[in-house]
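Welcome! Take a look at the sequence and the model below, and then let us walk through them together.

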Amino acid sequence: MGPASPTSRSRLAGERLVLAAGGTVLRPHLVHGPGDRHVVPALVRWIRAVPAWAAGGVARTSLVAVADLAAAIAVLALDPRLSRPGEVLHVADPRPVTIRGLVTAVCGLLDLPLPAADLPLAEHRARTRAALPALTDHQYSLLTRDHWYESSRIWELTGVLPGRRLAEAADWYRESLGIPGGTVIASSDRA
């Protein structure tokens, strides 16, 4: 199956050009942290619109904190010899997170109620389609099917230690999403 969206098709075309020139392609999956206008905001809209787990929320996904992504890019930019010409590297925390774990962390971080029900995937998709008609089937699958990518090589190459940094962006998310609340201080979180 090929890329599902014009953005994905243009990204793949760009990757092919980079690889043909002997460059290195970095593939982050879901990037979170300050500046994120897609991942956590979409999760918040989703759980507010359909406050139920999709088939238990067991799908695994790859996340990376924007600070970790930036650190890995900086190391490779300063020493491009670290990677092999034409190499593709997935950039994500090496530990996958379940959507349930991610939603639980986001709800805890932003003082939002956890989903109260658990629905079979088909019923959950129907409710999501009705509540969020702009959410495509592809986008929905990113939240309900495994999308986890092995990524240990990027961290071995760069020496960057990725972390679960969702809590570091709590104030940014609250402000950008218009969620009232005070400063959140957390030493760790699940996502």
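Helices here are DSSP runs of H or I with at least four residues, and strands are E runs of at least two, numbered from the N terminus.

This is a predicted model, in which local features need pLDDT of at least 70 and side-chain atom pairs count only at pLDDT 80 or more, while totals for chains, interfaces and linings use all residues. Residues are numbered from 1 along each chain as its sequence is written, and side-chain values use heavy atoms, leaving out hydrogens and water.

## Helix 4 itself

Helix 4 covers residues 99–110, and its end C-alpha atoms are 16 Å apart.

How many of the 12 residues of helix 4 are buried? The count is 10, so the helix is largely enclosed by the rest of the structure. Buried means under 20% relative accessible area, with exposed over 50% and partly exposed in between (1.4 Å probe, protein chains only). Among the buried residues are Ile 99, Gly 101, Leu 102 and Cys 107.

## The whole protein

Stepping back, the protein has 8 helices and 8 strands. Its C-alpha atoms fill a box of roughly 50 × 40 × 25 Å along the principal axes. Of its 191 residues, 41% count as buried.

Conventions
Expected span 1.5 Å × (residues − 1).
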